[in-house]
Amino acid sequence: RAVAMSVSHSSRLNKLVREQYVRLPQDGLVQVTYVWIDGSGEGVRCKSRTLDKEPKSIEDVPEWNFDGSSTAQAEGSNSDMFLVPVCMFRDPFCLDPNKLVLCEVLKYNRKPAETNLRHTCKKVMDLVKDNHPWFGMEQEYTLLGINGHPYGWPDNGFPGPQGPYYCGVGADKVYGRDIVESHYKACLYAGVKICGTNAEVMPSQWEFQVGPCEGIEMGDHLWMARFILHRVCEDFGVVATLDPKPMTGNWNGAGCHTNYSTEEMRREGGLKHIEAAIEKLSKRHDYHICVYDPRGGRDNSRRLTGHHETSNIFEFSAGVANRGASIRIPRQVGQDGYGYFEDRRPAANCDPYAVTEAIVRTTVLNETGVETKDYADH
């Protein structure tokens, strides 16, 4: 008996028919899809327009606007918001010469929208550019059917206990690999700095990694990778959730482990700089927890329990090769005496701009306490 998987109606449309139209010539005109973060701080929105020639750089893409009252970003009586292009990618859905363009959102008075966390992140990254901060972020996510149930799980019950699924192979071990591989290829085509992928510990949970990226580039590339993931999932009729704990009980949560180094950490003898940075982080744990998910730590409190390869949200810890610590120093780094470290606290639904900015503020700009410094006048 065939089992009906819970997929969307639009995914059942004949995709071969679409291919006929996608490949029609455009006579020099270009479709540009503007992508932005909405008022939730987690969702992405998009809309497209035609340009009369292919943009060669981000400066060639004009500003645009949208109705912020429909994205929880403005009142209906004053709803126009500005879309300011900041980073351009090739479009893996409409193909060359078409583009995907990530945008910052500005309010009517040209001040950043509340969920535009890129604005201050860019200032901080510009301040520390001589330190060359590198990041690599490991984005975990869970595939759900359109009914909100993990994709491939039994309708009435659960799969077998965790153990065989991590980096698994086989129809009884992993669900949705077509989506994962399509996303990987789409990111490579787009120019996103995706560097790997694997099946995760919970069945239907996956991870992709983006990096190494320097400074503001980390947030730009991870947000575009997320947009492409949601767009690929749309074609397959399933949903990718970044919820940090999509299933209660004895199942792993989903994080966005953040690997980080400065130039001095990557040099011979850099371990002492890594240890100094970890010491600074240890004294600012509460601040970091507050910015490592969109709800001030409430989302992460469901995930950071001290179980399922996590640290306890109330305690700071660090160790070599310890996946139950807040900060992990890879074993190879401990042996070599230089390299990078991994902050395992950020939730899967974190804003990468907020995470990377916080790490730099604490480890390079030597901020302390829960307040952040405004560098606008410097």
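This is a predicted model: local features need pLDDT of at least 70, side-chain atom pairs count only at pLDDT 80 or more; totals for chains, interfaces and linings use all residues.
**Stop 1: around strand S8**

Stay on Pro 212 and show the backbone. The bond joining Gly 211 to Pro 212 is a cis peptide bond, with omega at about -5°. Now step back to Ser 204, in the loop between strand S7 (194-199) and S8. Ser 204 is not a glycine, yet its phi is positive, at about 80°. Both spots deserve a look, because most residues other than glycine have a negative phi and most peptide bonds are trans.

**Stop 2: another cis bond**

Next, select Asp 96 and Pro 97. The peptide bond from Asp 96 to Pro 97 is cis as well, with omega near 10°. Pro 97 belongs to the loop between S4 and S5.

**Stop 3: the annotated span**

Colour residues 30-110, where an unreviewed UniProt entry places the feature "domain: GS beta-grasp". This span is 48% strand and 0% helix.

While you are here, pick Lys 99 and Glu 54. Their side chains meet in a salt bridge, at 3.0 Å from N to O. The pair ties together distant parts of the chain: Lys 99 is in strand S5, while Glu 54 is in the loop between S2 and strand S3 (64-67), 45 residues away. Across the model, the count of salt bridges comes to 26.

**Stop 4: two domains**

Zoom out and give each domain its own colour: domain 1 is 9-114 and domain 2 is 125-364. Their centres, taken over C-alpha atoms, are separated by 26 Å. Where they touch, domain 1 brings 20 residues to the contact and domain 2 brings 23.

About 1900 Å² is buried between domain 1 and domain 2, and carbon and sulfur atoms give 69% of that area.

**Stop 5**

Which residue meets Glu 42 in a salt bridge? Select Arg 295: its side chain and that of Glu 42 come together at 2.8 Å, N to O. Between domain 1 and domain 2 the count is 1 salt bridge. There are also 5 residue pairs in polar contact across this interface.

To see what domain 1 presents here, highlight helix H1 (15-22) and strands S1 (30-37), S2 (44-51), S4 (80-90) and S5 (99-106); each supplies at least two residues of the side that touches domain 2. Colour that side by residue type to finish: 12 of its residues are nonpolar, 2 are polar and 6 are charged.

Terms used
Residues are numbered from 1 along each chain as its sequence is written. Side-chain values use heavy atoms; hydrogens and water are left out. UniProt positions are given in the numbering used here, feature names are shortened, and annotations may be inferred rather than shown by experiment. Helices (H or I, at least four residues) and strands (E, at least two) are DSSP runs, numbered from the N terminus. Domain bounds come from an automatic or database domain assignment. Contact means heavy atoms within 4.5 Å. Buried area is the accessible area (1.4 Å probe) that two parts lose on being put together, summed over both. A salt bridge is a side-chain nitrogen of Lys or Arg within 4 Å of a carboxyl oxygen of Asp or Glu. A polar contact is a pair of N or O atoms within 3.5 Å; within protein, one must be able to donate a hydrogen and the other to accept it, and residues adjacent in sequence count only if both atoms are side-chain atoms. Ala, Val, Leu, Ile, Met, Phe, Trp, Tyr, Cys and Pro count as nonpolar, Asp, Glu, Lys and Arg as charged, and the others, Gly among them, as polar.
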